[in-house]
Each structure stands twice: as structure tokens, then as C-alpha cells.
Amino acid sequence: MDRLNIATTQLGQPWPLGAHFDGKGINFAVFSAHAQAVDLCLFDNIGTQELARLRLKGHSGDIWHGYLPNAQPGLVYGLRASGPWRPDRGHRFDASKLLLDPYARDIVGEFIWRDEHFAPDRTHPRHLETRDNAAVALKARVIHDNFDWKDDRPPAIPMANSILYECHVRGFSKTHPDIPEKLRGTFAGLGHPASIGYLKALGVTAVSLLPVHYHLSEERLVEMGLSNYWGYNTLGFFCPNPRLASGENGLSSRDEFRQMVRTLHAAGLEVILDVVYNHTAEAGHNGPTLSFRGLDNANYYRLVPNDLNHYENFSGCGNTLDIRQPRVLQLVMDSLRYWVSDMHVDGFRFDLATVLGRTDSGFSPQAAFFAAVAQDPVLCRVKMIAEPWDIGPGGYQVGQFPRGWLEWNDHFRDSMRRFWVQSVASPHATGSGGTLGEFAMRLCGSSDLYQARRREPSESVNYVISHDGYTLLDLLSYNHRHNLANGEDNRDGQGNNLNFNCGMEGPSADAQVNQLRHLLQRALLATNLLAQGTPMLCAGDELGHTQGGNNNPYCQDNENTWLDWSHMDTELLAFTRHVIGLRQRLQPFANVWYSGIADADGIYDLSWWNADGSVLQGSAWQLPQRRALGCLIGKPGQSGSPLLLLVNNSAHPEHFVLPRGHWQGLLDTSHPLGLADWQGAGTSELPVAAHSLLLLQQIVTRK
């Protein structure tokens, strides 16, 4: 600070946005279309004392900018924007509020909820009560660092070969006994050899990480002594969450994240980030003024057309970012490019992604955001995964995203839960367990959703369990949600889960109850991992992880959500590894749409059979009492022998007549480890145990 000659402050340049060091000084550029002035506030190194306030005199279009000669990286700063306080017109300027730069790479301070963060009087929301919040506001620190990526290369795994592993950085390693305690629950913990060895042995190809962007815990959670564990409440779109960094060896959170990525890449594992560009941590019209709201509320957020004092709430979190606005779209694109170019991530999963495609007239796959991604030379080569819904009108858009995008397919989730779980829970309830037709449709890439739009089967992300809901074990152990610890009187969380406790609520010592749970766990895992599409495994399901029946533990940063490595189900883990190994080796379904029509030699690419060897056709597809079928995958034009999948979810064994040829068992989900030591000839009968499936491969004899 002593070296700055404030009298020589220059106009600077309007690009790039944010604060950037050029070797001789720092350029500052910030967007606001409606501000009347923007001030740059400089602070001491820890951000507690405001040392200077400088007017950004450069004004190019909607960009305010200035240049500080001799300023160095490490400088701590904030912004103040002057303009009208007219919530009725969408403007919420209040120069008494210190604002965080939306492009901050490093955030200084520990956020504490205080009345000073709120521009309006909290009891009279339309009235402005100016209170300076600089002492408690978050600030940005200018960075200028270079990371030695060495020979890092993206694994670039084709989607057809990908297996996603959804996990939380903290929850994955927080209790891992083979990781040093100071590294547990951090980027360094996930990049530790023990973590990487586990992931490689499991066989997954990518970690899909819950949000790592800088986020805030909502005020009501803090007041209850809780926190936003999942992290879907972003404030800093360019800044990794420092609470997920160990600080080991003096590394910044950025470098610890980069080191984790580099180590995972060296092991052939991709890194996909769950990102939240649908809303920010500033909440609704009564929320705090921390950054975007104070800089240009009317541009950053979608406001109710006939009531500009309020926000469109398509996110369910109080506000919705307005991606229709060019500078907001630029913010999102700049952030995404930063995480690919500077942080080397391999893709993104977009929370409530319908928001990103909302135009003036509703969702469109031709929206500006999708067009910008498609033409971007950096982003067009990484994986883009949509959570294809939001809570606004017309928000459910499964199957409607652009070609090349992947989508979380909740049709797959619900269909497999109906088939395997609800049919057991209510065996005599007509239609409660789905149909063979529904099961087959989801097993084979959900062609009803994707094929007509010329999208590939791999664009369906198949999952039975995600972070948002019950664990796999809890799905089969609880009939009712047990969310009291969340402080919302058990009202939160999904009510319709298609779950079944198998005869007893919670943990059980009953052998029959546990046997059924084990059978259904293995059947669901195998179906998910073998089906056509891109499988996603939720971390811990392969270990028998439980959250005690809590199906919405977003605020539980404790043993309920941390993986319990000391009580892992070793047999289930071995089973999961076996199934993943089969998928990797055999690729049971190719990434093509099957016709079900015989070729010139009378060979079908895919055919369906009843247990007695007759062709499954007609009304049998829709009969709810039918719970068994065979699927013969001919694999024409592919290497490898035909495969046969036999499925039986009835309450008793089913004897299947095998097609002609000699067959070798590869997987039997009725076995705790999935082993299937069986060989036999076609036309013989093979028993398939209740609530299980078998995978067989034809043995080709050489003449």
C-alpha cells in the first residue's frame, strides 16, 4: 500500500473484468449498467481497515474501470456502487455496502451474518437504512500465480466408456483411516494415494464433485447451528471453497485444488464439478446486499415483470440469475472457461440447468447459453451434464437439451425403483411396480426421450441414487423420511421416494429382512451399471452407507453424511467392483440405438424373451403381474459374443429356457459377490433366483 501513488491512478482498460496484474500494476474492471459511480476501496492485508477509496473514472459502455500503477498481487479490495434506491424499478444501490467483486479469485474474511449486510430496514423492507458493512464484509484479494501443471493431460474418456462417481470432497475422506487426519475432508484428501487407489480399484472413470465454489450457509441454518454442507448457495464463481482446503505445505486453496486435479488426471480419472449458475447466495428481496444485488440488481437477476421489487424464483432459493443478459451470460462463460483453462477440470454438472435455457418465452435448446457453449473453443470439448429441471413453469425438460449434452435421467431412477422396489413393497397393487415395457425402455437408453432427437444413448445419465435423497441402503430400510435433524419438523425432503423398508423400519437383526435388502441392493446396482447410457454411482452406496433415513441431509456436515469407512460392507464393495469390471470389459450395450429387427442372416441386434423361451411381445409388455424377462444382445458388428441378461423380480425362482448355443455365467446378483460359476447349453432350463438377475455370455466354439 505504501508504494501506491494514488494521485497517478489511471483510467485503465474495460477488459478483462475483475482485477488483473500486468507486471507493473493492477487493472480493475467491473460491470454495472445502471450505477452512477463505482468506487474501489482498498484495505489492509487482512481486510479489517479501509485505507483508501478511489473513484473508477474510466467508463466504457457498461464497464467501470481504473488502473493502479505499482500495485501488486495480494492487494485486498472491495467495491461500492452509487445509484438509485428504487426497488420498485429493480434498483437497489446503496453505497454504504461494500461489495465483493463477482470476478474475485480469492476471498478474504469469514462471513458472519449481521444486520449491516442488509440494505433495507429488516422490519420495513421498502425503506433504506444505510449502515456501512465494510468491517464485516467479504473482500477480494488480487492474485497472480502460476501453477506447475507438469505434463498434465485431460484423460478425455469417451462418454460411452465413462462411469461417474458422485461424491462430496469433505464427506468422501473425512473419516478415512488411511489418510492423515489433517488432510481428511479436503482437496488433498481426495487426491491422496489412498483415495485414488480406492477409486481405481472400484473402476469408476470420473469423480463428479458436489459444489466446490465459494458459498455461504443461509442465515437460518447458522442460527440453528447448522451449515449448508452440500454447497448449493454460491457467492464466488471463480473461487474454490477454502473450507475444503487443508492448507498443507502452505498451499492456497487454488493450488491444493489444482494439485488434486493433476493427481487424479495422472491416475486416469476425470474431474467434473457440480456448478450453480441458477441463483446466488443473496436470496430473495429481503436478502443481504453482498455483491450482484448492489452492483446492478436489475441486470443480474430475473425480476417479476409487473413487480420489480420481487424476484423470479425458479431456483427455490429466492432469486434467479438472468442469463438472458449479455454480461451475466459473460460471467457464466468466463467462470466456466476459468475452471477448464486455469483449473483443468473435465466437465460440469449444472444444477437446475433449465434456468440456463430460459428465454423470454420459456425454455429453448437454442437459447443463447447453449449457443455460446457450442461455439466456445474451450468449453465445446468438455463434458456438459444437465440437471434438466427447475421449479419454474415448464421447468421439467428431460430429453430436451441440445445434442451432445448429457442429462440426469430421473425416468430411469423412478422406473427402476418401481420395478425392483415397489413391486416388492406392493406385489398385489396394480401398476405400482411398473411394467416390463417400462423397465426395458429404461434399460436400453430411454429411446423415447433421446432417439427421436438424434441424441446418443450415452447422453442419458442413469442413476438410482444421487446425493439428493436416500442412500441405496436407506431406500430399502425406511418407509418414512427421518429429517428432524434438519430443523424443519420433518417437512423437508422428497415425499414420494418409491422406497420400501423390506419389513422393518431402520436397521434390523431379522435375517429375512436383511436378505431382501441385500438382494435388492445388488439388483439395483447391477441394473444401473449395466444399462445402456452413462451410469452414475452415488458415493457410499457400494459400501452400504446410511444417513439414518434422512433423505435431505444438505445441512448435515457430520457422521450422517461422511462415508463411514470403518463399517463398510466389504461384500457389496466386491460385488460393485465385479459389475463395473464386467461393464468395462464387455460394454453390454453399445452406444447405438438397437432396431430389434433381424439382419439378412436372421440375427437380431436385440431381442426380448419370456422365461419359457417364447418371444416377449404384444400386451405382455404391459401386464403388471409379469416380473421376468430375458434380453438377448446380439452385438452385430461388435467384437465379442452375444450376451444374455435374465431378470426375475418375482417372489420365487424363475426357470429360463436358454437360446441355442453354449452359455457361460458372468454375474449372478443372488450371490453376495455376484459370482456365477455356471455353464450350459441352450434349450436347457436355468433357474434365476427371486429378486435377481443373471448375465451370461455365449461361448463361441472353434471348428
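Helices (H or I, at least four residues) and strands (E, at least two residues) are DSSP runs, numbered from the N terminus. The model is predicted, so local features need pLDDT of at least 70 and side-chain atom pairs count only at pLDDT 80 or more, while totals for chains, interfaces and linings use all residues. Residues are numbered from 1 along each chain as its sequence is written, and side-chain values use heavy atoms, with hydrogens and water left out.

**Asp152**

- Asp152 lies in the loop between β13 and β14 (164-167).
- Buried means under 20% relative accessible area, exposed over 50%, and partly exposed in between (1.4 Å probe, protein chains only).
- Asp152 is buried but has no salt bridge, a term for a side-chain nitrogen of Lys or Arg within 4 Å of a carboxyl oxygen of Asp or Glu.
- The nearest side chain of opposite charge is that of Arg262, 6.6 Å away; Lys and Arg count as positive and Asp and Glu as negative, while His and the chain ends are not counted.
- A polar contact of 2.6 Å links the side chains of Asp152 and His344.
- Polar contacts are pairs of N or O atoms within 3.5 Å; within protein, one must be able to donate a hydrogen and the other to accept it, and residues adjacent in sequence count only if both atoms are side-chain atoms.
- Leaving out residues up to four places away in sequence, Asp152 touches Val261, Arg262, His265 and His344, where contact means heavy atoms within 4.5 Å.

- Strand β7 (residues 76-82) is largely enclosed by the rest of the structure, because six of its seven residues are buried.
- Strands count as paired if DSSP finds at least two bridges between them.
- Strand β3 (residues 37-43) pairs with β7 in the antiparallel sense over seven bridges, and Phe43 has Val76 in β7 as its bridge partner.
- Strand β13 (residues 139-141) also runs antiparallel to β7, joined by two bridges, with Tyr77 opposite Ala140 in β13.

**Strand β24 and its partners**

- From strand β24 (residues 383-386), Lys383 and Ile385 point one way and Met384 and Ala386 the other, and all are buried.
- Strand β21 (residues 347-350) runs parallel to β24 and is joined to it by four bridges; Phe348 stands opposite Met384.
- Strand β25 (residues 406-409) is parallel to β24 too, with two bridges, and Ile385 has Leu406 in β25 as its bridge partner.

**Helix α10**

- Seven of the eight residues of helix α10 (residues 436-443) are buried, so the helix is largely enclosed by the rest of the structure.
- The buried residues of α10 are Leu436, Gly437, Glu438, Phe439, Ala440, Arg442 and Leu443.
- Their cover includes α9 (410-425), α11 (447-450), α13 (511-530), β28 (606-609), β29 (628-633) and β30 (643-648).

**Aromatic pairs**

- Rings of Phe, Tyr and Trp (its six-membered ring) pair if their centres lie within 6.5 Å; planes under 30 degrees apart count as stacked, over 60 as edge-to-face and the rest as tilted.
- By this rule there are 38 aromatic pairs.
- Phe172 and Trp565 form an edge-to-face pair, 5.4 Å centre to centre with 85° between the planes.
- Phe172 lies in helix α1 (residues 169-173) and Trp565 in the loop between β27 (534-538) and α14 (570-586), so the pair ties together parts that are 393 residues apart in sequence.
- Phe172 counts as buried at 1% relative accessibility, and Trp565 counts as buried at 6%.
- Ring pairs also link a cluster whose members include Phe237, Phe348 and Trp405.
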